[in-house]
Amino acid sequence: MGDYQRIPHGKALQLIDCKYVVLDCVAEAKAVVPEHVSESTSEGRKHKMEEYQGWFDGGCAPCNPGGTATTAAIVKSKDGRVLLREGRLVGTGKGMSNNVAECASIIRVFEDLLPLLPAKVTIHGDSRLAIKQLNAKWRVGEGLYRSVALQARALLGRLRSLGWQVKLL
């Protein structure tokens with residue numbers, strides 16, 4: 001996978017007719033905010049655990065594999081504050097696929113959460129493959145996406161080891 005290149009919001013997605021992904025995610029983010037705040041104990045004190053929502057999507061066009069792979073990632077706090085909203089170019093040509101883009105997009109969500117204090121996060125995506133693999137329901141295969149899938153799995157493990165409660169849907 002090549003280096004990420006930051007693209008102004010929405011532009012890369014418009015090039016491959018995927019702008020709807022970001023718009024749908026934003027609309028969904030406003031509608032899916034849990035009503036409760038859980039409490040946990042740390043050294044005998046109670047404190048409110050923050051809650052976040054995340055969305056990821058990726059695609060490769062005009063051909064898959066071998067096209068232009070792009071991502072969309074959103075992270076919002078419970079109060080609706082947008083922490084991350086971006087589209088990125090993953091790369092073009094050989095080595096790019098829909099699965100590479102999907103894994104790269106969830107990596108962006110995980111990277112955005114890492115510097116925050118551990119909390120609860122529910123992450124939504126339409127990639128059955130990425131979600132099943134990260135939930136340890138399916139193994140990671142030998143496809144083009146293998147290295148980014150393993151990187152996503154490692155980041156998820158790191159978040160959980162720091163105390164994050166991660167739910168992937």
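In the predicted model, C63 is partly exposed, with a relative accessible area of 37%, where buried means under 20% relative accessible area, exposed over 50%, and partly exposed in between, with a 1.4 Å probe and protein chains only. C60, at 9% relative accessibility, counts as buried. The sulfur of C60 lies 6.2 Å from the closest cysteine sulfur, that of C63, which is too far for a bond. C63 is accordingly in no disulfide, a disulfide being a pair of cysteine sulfur atoms within 2.5 Å, and the count by this rule comes to 0 disulfides. This is a predicted model in which local features need pLDDT of at least 70 and side-chain atom pairs count only at pLDDT 80 or more, whereas totals for chains, interfaces and linings use all residues. Residues are numbered from 1 along each chain as its sequence is written, and side-chain values use heavy atoms, with hydrogens and water left out.

Most residues other than glycine have a negative phi, and most peptide bonds are trans. A136, although not a glycine, has a positive phi of about 60°; A136 lies in the loop between α4 and α5 and is exposed, with a relative accessible area of 65%.

The secondary structure of the chain comes to 5 helices and 8 strands, where helices (H or I, at least four residues) and strands (E, at least two) are DSSP runs numbered from the N terminus. From the N terminus on, the elements are arranged in the order β-α-α-β-β-β-β-β-α-β-α-α-β. Of the 169 residues of the chain, 47% count as buried, and the accessible surface comes to about 9000 Å², of which 51% belongs to carbon and sulfur atoms; accessible areas come from the Shrake-Rupley method with a 1.4 Å probe, and for residues only the protein chains shown count as cover. Among contacts in the chain with a separation of 6 or more, 66% are accounted for by residues 24 or more positions apart, a contact meaning heavy atoms within 4.5 Å.

K120, placed in strand β7, is partly exposed, with a relative accessible area of 23%. Although K120 and V166 are 46 residues apart along the chain, their C-alpha atoms are separated by 6.1 Å.

Helix α5 (residues 146–161) comprises 16 residues that, at 1.5 Å a residue, should span 22 Å, and its end C-alpha atoms are 22 Å apart, which agrees; the expected span is 1.5 Å times one less than the number of residues. The buried residues of α5 are V148, A149, A152, L155, L156 and L159. Seen down the axis of α5, these buried residues fall within an arc of 125°, so they line one face of the helix, the arc being that of the directions from the helix axis to the C-beta atoms. On the other side of α5, S147, A154 and S161 are exposed. The buried residues of α5 pack against α3 (98–113), α4 (128–134) and β8. Just after α5, G163 takes a positive phi of about 110°.

For α3, the 16 residues should span 22 Å at 1.5 Å a residue, and the end C-alpha atoms are 23 Å apart, which agrees. Because 13 of the 16 residues of α3 are buried, this helix is largely enclosed by the rest of the structure.
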